[in-house]
Amino acid sequence: MYQSVFSCRSIRKLFYGVLLFFSGQIAVAEPLDAQRIISVDSNATEILLALGVGPQIVAIDITSESLLDGQHVEKLGYHRALSAEAILSLQPDLIVGSDHTGPAPTLRAIESSQINFIQLNSPKTIADLNRNIQQLAKALGQENIGQQLIDDIHALETTIVGNLNGSTLKMVFLLDLNDRGLSQAGKDTVGNALINMLDGRNVSEFNGYQSVSLESVLVMNPDVIMVGRRSNGAPETEQLLSRYPLLKNTSAGQTQRIISIDASKLIAGLSITAVQQAKQLAEIIYSSR
């Protein structure tokens, strides 16, 4: 009997010892020693800069170029059409991309190279954005800075909510495509995510982006019209109205709620800058008139 009890206790101790050993192995995962980082997603690039690892970035995609203006880095082109040879020739320690990164053969080449590759989800909500920050901060050993960044975003979100007045305004998000006219943001877009942050109701009843006529915008008669460009910053409101004068006849035009924004910060999902823009938009939209 004594021997049986001793054996059970020994086995139990051995089991817990093995469990603690493996738990310890999981808990002490070392952060990456990433001295050469390639970022092929503007949202990821913005987070990396906020985490203080900008000097380690050696190459970027075209959507990140405005974020590293003046810093000498390699340009790798559009994030959906990347060259595996160009990426691997730079001998990175870490590659950061998103679910937009491609094409598929490039992804396979990166995965087979055994180079550290973090593929983030394109955030549609602040919670998604925070998860991306946590993931990169943990991988790079910058958890404290990452948490401070999340706290700052939470403060912005609190300010946005504080500006809302309980009214649900009809909103539309338009991309100014210059000679190609205007494109309207549907439900499954970052433009829609921005509208949700502002407690608005998207007048669009479709997914993705679709071309839209000025006559259709008049029929929808939104209370708020946000117009952005994917390059060269936010368009000037006066220039927009001179090109699209019919917009003045909408409810948004009559209450001066036609607002130009920099849509380049929305290409890769809801970014840190997009949340900052949402704060400014909330102040404009819900201010007393």
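Just after H7, Asp-199 takes a positive phi of about 60°. Helices here are DSSP runs of H or I with at least four residues, strands are runs of E with at least two, and both are numbered from the N terminus. Keep in mind that this is a predicted model: local features need pLDDT of at least 70, side-chain atom pairs count only at pLDDT 80 or more, and totals for chains, interfaces and linings use all residues. Residues are numbered from 1 along each chain as its sequence is written, and side-chain values use heavy atoms, with hydrogens and water left out.

As for H7 itself (residues 190-197), seven of its eight residues are buried, so the helix is largely enclosed by the rest of the structure. Buried means under 20% relative accessible area, exposed means over 50%, and partly exposed is in between (1.4 Å probe, protein chains only). The buried residues of H7 are Val-190, Gly-191, Asn-192, Ala-193, Leu-194, Ile-195 and Met-197.

## The cores

Let's stay with Leu-194 for a moment. Not counting residues up to four places away in sequence, Leu-194 touches Phe-173, Met-226, Ile-261, Leu-266, Ala-274, Ala-278 and Leu-281; contact means heavy atoms within 4.5 Å. In general, nonpolar side chains tend to be buried together in soluble globular proteins.

The largest nonpolar core has 52 residues, and Leu-194 is one of those touching the most other members, along with Ile-37, Met-171, Phe-173, Leu-198, Met-226 and Ile-285. Such a core is a set of buried Ala, Val, Leu, Ile, Met, Phe, Trp, Tyr and Cys residues joined through side-chain atoms within 4.5 Å. Helix H11 (residues 272-285) gives this core its largest share, seven residues. Apart from it lies another core of 16 residues, including Val-203, Val-212, Leu-241 and Ile-258.

## The sheet

Now for the strands. Five of them form an open sheet in the order S3-S2-S1-S4-S5, with parallel pairing; two strands pair if DSSP finds at least two bridges between them. S3 and S5 stand at the edges with a single partner strand each, so one side of each has no neighbour in the sheet.

Strand S1 (residues 37-39) pairs with S4 in the parallel sense over three bridges, and Ser-39 stands opposite Val-96 in S4. Helix H5 (residues 126-139) packs on the sheet and touches S4 and S5, its direction making about 165° with that of S5. Axes are lines fitted to C-alpha atoms, for helices over the stretch in contact, and angles run from 0 to 180 degrees between N-to-C directions. S4 (residues 94-98) also pairs with S5 (residues 116-120), again parallel, over five bridges, and the partner of Ser-98 in S5 is Leu-120.

## Ser-64 and its neighbours

Ser-64 lies in the loop between strand S2 (57-60) and strand S3 (74-75). This serine is buried, with a relative accessible area of 0%. Its side chain makes a polar contact of 2.8 Å with that of Thr-45 and one of 2.7 Å with that of Asp-61. A polar contact is a pair of N or O atoms within 3.5 Å; within protein, one must be able to donate a hydrogen and the other to accept it, and residues adjacent in sequence count only if both atoms are side-chain atoms.

## Ala-50 on helix H2

Ala-50 lies in helix H2 (residues 42-50) and is partly exposed, at 35% relative accessible area. Leaving aside neighbours within four places in sequence, Ala-50 is in contact with Ile-145, Leu-149 and Ile-272.
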